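These are my notes from one sitting with the structure. I went through its surface, helices, loops and charged pairs in turn.

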Amino acid sequence: KTHLKTQTQHGNNMATQSTYDYQNHPATKDPAWVKYTLIALAVSFMAVMLVVPLIAVFYEALKDGVSAYLSALADPDALHAIKLTLITTAIVLPINTVIGVALAYLITRHKFRGKFIITTLLDLPFAVSPVVAGLMFVLLFGANTLIGSFFESLGIKIIFATTGIVLATLFVTFPFIAREIIPLMQSIGDSEEEASLTLGANGWQMFWHVTLPNIKWALLYGIILTNARAMGEFGAVSVVSGHIRGETNTMPLLIEIAYNEYAFTTAFALSSLLALLALVTLAVQNVMSRKKVGRS
């Protein structure tokens with residue numbers, strides 16, 4: 001295993017050196033004006049589309065003072081929306097993590113008929129509009145449907161309840177973890193896993209000591225992306241929630257309601273909180289990326 005890692009490191013160093021030589025070769029180096037023009041375009045676009053709107057959100061949220069900002073977040077409807085958003089995310093993350101890792105392992109380590117169908121269906125949430133996804137759950141689990149009425153008879157309400165919100169969020173965040181892990185597992189191959197089995201490890205030992213350490217960074221990236229999407233999902237959740245105040249409004253839904261009712265302080269306070277959570281997510285991802293580079 002140590003020899004294998006040494007060879008891999010040597011190959012990475014050769015690839016890095018080759019890339020460096022290519023970028024600095026006069027025949028392949030762009031003129032200076034091209035580089036600076038691209039930099040100016042990138043900075044201008046990010047400033048107009050990302051930085052300025054983000055600053056505007058925080059400005060509007062704090063425009064009436066910190067006390068008004070905190071009062072808006074302390075409103076019972078706002079507190080319930082924050083709580084529901086966090087609960088939904090806490091349920092979705094472990095489920096999608098387990099399913100995402102299992103699917104990635106199935107697709108990259110096993111051959112079977114219909115494999116391309118599973119691979120194609122994995123991308124379905126990317127292709128289907130979240131609003132359409134919400135409507136699918138309403139048609140499937142609505143109170144007047146066969147499945148929905150069955151669950152209603154058991155005292156389980158799905159549509160216009162937390163259960164429906166969790167299901168809709170699961171659907172839209174389903175591919176992120178698997179799609180982060182699959183390319184990495186395909187590039188790594190299964191030589192180390194086969195070696196561990198040859199040396200006497202069982203399946204679980206192989207997974208915990210070989211597979212999981214190899215995919216841990218991609219897995220964490222997928223979890224971060226899933227977390228961000230789960231907290232900010234609007235379309236599918238909007239359809240299945242019913243917008244019931246104090247019951248089924250997540251943070252994005254309450255932001256829309258507050259804005260339409262001209263409660264701008266509440267709307268922008270919740271928006272700034274979502275933006276802050278997104279910034280924390282990006283900060284965590286950046287720290288993880290630096291650690292990964294430092295250890296490679």
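**Entry 1: M49 and the surface**

I looked up M49 and found it partly exposed, because its relative accessibility is 48%. The classes I use are buried for under 20% relative accessible area, exposed for over 50%, and partly exposed in between (1.4 Å probe, protein chains only). This is a predicted model, so I note that local features need pLDDT of at least 70 and side-chain atom pairs count only at pLDDT 80 or more, while totals for chains, interfaces and linings use all residues. Residues are numbered from 1 along each chain as its sequence is written, and side-chain values use heavy atoms, with hydrogens and water left out.

M49 sits in helix α2, residues 32-62. Helices here are DSSP runs of H or I with at least four residues, strands are runs of E with at least two, and both are numbered from the N terminus.

I then asked which residues make the nonpolar surface patch. They are Y36, I39, V43, F45, M46, V48, M49, L50, V51 and I55, and the patch covers about 1,000 Å². A patch takes residues with over 30% relative accessible area and no salt bridge, joining nonpolar side chains (Val, Leu, Ile, Met, Phe, Trp, Tyr) within 5 Å and like charges within 9 Å. The areas come from the Shrake-Rupley method with a 1.4 Å probe, and for residues only the protein chains shown count as cover.

**Entry 2: helix α12**

I checked the span of helix α12, residues 203-232. Its end C-alpha atoms are only 37 Å apart, whereas a straight helix of 30 residues would span 44 Å at 1.5 Å a residue. The expected span is 1.5 Å times one less than the number of residues.

Where does α12 bend? I find a bend of about 60° at K216, taken as the angle between axes fitted to the seven residues ending there and the seven starting there.

At the start of α12, a side-chain oxygen of N202 comes to within 3.2 Å of the backbone nitrogen of W204. Beyond the helix I looked at E233, in the loop between α12 and α13 (235-241). Is E233 buried or exposed? E233 is buried, because its relative accessibility is 4%. Its side chain makes a polar contact with the side chain of R229 at 2.9 Å. The E233 side chain also reaches the backbone nitrogen of A236, at 3.0 Å. A polar contact is a pair of N or O atoms within 3.5 Å; within protein, one must be able to donate a hydrogen and the other to accept it, and residues adjacent in sequence count only if both atoms are side-chain atoms.

**Entry 3: positive phi and a loop**

Most residues other than glycine have a negative phi. I noted F160, whose phi is positive and near 65°. F160 lies in the loop between α8 (146-153) and α9 (162-173), and is partly exposed with a relative accessible area of 39%.

Y262 is not a glycine either, and has a positive phi of about 65°. I placed Y262 in the loop between α14 (251-260) and α15 (264-295); at 65% relative accessibility, Y262 counts as exposed.

K157 is also in the loop between α8 and α9, and is partly exposed at 42%.

**Entry 4: salt bridges**

How many salt bridges are there? I count 6, where a salt bridge is a side-chain nitrogen of Lys or Arg within 4 Å of a carboxyl oxygen of Asp or Glu.

One of them pairs K63 with E60 at 3.0 Å, N to O. K63 is partly exposed at 46%, and E60 is partly exposed at 27%.

Another joins R245 and D77 at 3.3 Å, N to O. This pair links distant parts of the chain, 168 residues apart: R245 is in the loop between α13 and α14, and D77 is in helix α4, residues 76-109. R245 is partly exposed at 39%, and D77 is partly exposed at 25%.

R109 and E193 meet at 2.7 Å, N to O. R109 lies in helix α4 and E193 in helix α11 (residues 191-198), so the bridge ties together parts 84 residues apart in sequence. R109 is buried at 18%, and E193 is buried at 5%.
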